[in-house]
Amino acid sequence: MPLPRSAAEGLFAVPFAEPFGPGLEYPMLGTCTVTEEIAYHSSSMAGVYDGHRILVPQTLHHAAPERRERLIPELTSGQTSFSFATTEPDTSSDLTAERMAARQLIGREVTG
């Protein structure tokens, strides 16, 4: 299913609470169900959907309200997409294996 059609069908809004999405009682279950259905047709597209609909909402959960209000409508409409990358050679796709940490001092310090 092409991305614009997926957005028009409301699939990109599944994990988001109202007013940006349907406000499902179990948004992660809904997101996983949509991912599974997409995977029956294209595992590549399921990976794209999974990354956008699981990682991004969790990240935006910690963002400033004004950033959420600007970005979530763009995500649910399909106008904007995000990506992420791991930079540690031993982590591959296992994000829990990352050892890099950042902490704020007077400036910022990144270790790892």
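Is Gly10 buried, partly exposed or exposed, by its relative accessibility? The legends below take up this residue along with other close-up views of the structure, which is a predicted model.

**Figure 1. Gly10 in the loop between α1 and α2.** Gly10 has its place in the loop that runs between α1 and α2, and its relative accessibility of 29% means that Gly10 counts as partly exposed. Across this view, the C-alpha atoms of Gly10 and Pro22 are 8.9 Å apart in space, although the two are twelve residues apart in sequence.

**Figure 2. The cis peptide bond between Glu18 and Pro19.** The peptide bond that joins Glu18 to Pro19 is cis, with an omega of about 10°. In general, most peptide bonds are trans. Pro19 belongs to the loop that separates α1, residues 3–8, from α2, residues 27–39.

**Figure 3. Overview of the chain.** The secondary structure consists of four helices and two strands, and these follow one another along the sequence in the pattern α-α-α-α-β-β. The chain has 112 residues, of which 29% count as buried.

**Figure 4. The packing of α2 against α3.** Helix α3 comprises residues 43–61, and its axis and that of α2 come within 7 Å of each other, crossing at roughly 165°. Because of this angle, α2 is roughly antiparallel to α3, and the crossing in which α2 passes α3 is right-handed. On the side of α2 the contact is made by Met28, Thr31, Val34, Thr35, Ile38 and Ala39, while α3 contributes Ser43, Met45, Ala46, Tyr49, Asp50, Arg53, Ile54 and Gln58. Sorted by class, the residues of this contact between α2 and α3 are eight nonpolar, four polar and two charged.

**Figure 5. The packing of α3 against α4.** The axes of α3 and α4 come within 11 Å and cross at roughly 165°, and the two helices are therefore roughly antiparallel to each other. Here α3 passes α4 in a left-handed crossing. The contact is made by Arg53, Val56, Leu60 and His61 of α3, together with Arg68, Leu71, Ile72 and Leu75 of α4. By class, this contact of α3 with α4 divides into five nonpolar residues, one polar residue and two charged residues. Arg53 is named in this contact, and Arg53 is also listed among the α3 residues that take part in the contact with α2.

**Figure 6. Ala7 of α1 and the residues around it.** Ala7 is found in helix α1, and with a relative accessible area of 11% it is buried, because the cut-off for that class is under 20%. Leaving aside residues up to four places away in sequence, Ala7 touches Phe12, Thr76, Ser77 and Gly78. Of these, Ser77 is 70 residues from Ala7 in sequence, whereas the distance in space between the two, C-alpha to C-alpha, is 5.4 Å.

**Figure 7. Gln79 in the loop between α4 and β1.** Gln79 has its place in the loop between α4 and β1. The C-alpha atoms of Gln79 and Ala7 are separated by 8.8 Å, and the two residues are 72 residues apart along the chain.

Figure 8. Thr80 lies in the loop between α4, residues 65–77, and β1, residues 101–104. The side chains of Thr80 and Glu74 are joined by a polar contact of 2.7 Å. When residues up to four places away in sequence are not counted, Thr80 touches Glu74 and Leu75, and Leu75 is also one of the α4 residues in the contact with α3.

Key
Residues numbered from 1 in each chain as written. Predicted model: local features only at pLDDT ≥ 70, side-chain atom pairs only at ≥ 80, totals over all residues. Heavy atoms only, no water. Polar contact = N/O pair within 3.5 Å; in protein donor to acceptor, adjacent residues only side chain to side chain. Contact = heavy atoms within 4.5 Å. Axes fitted to C-alpha atoms, helices over the stretch in contact; angles between N-to-C directions. Parallel < 35°, antiparallel > 145°, perpendicular 65-115°, else oblique. Left-handed = near helix turned anticlockwise from the far one by under 90°. Nonpolar A, V, L, I, M, F, W, Y, C, P; charged D, E, K, R; others polar. Buried < 20%, exposed > 50% of the residue type's maximum accessible area, 1.4 Å probe, protein only.
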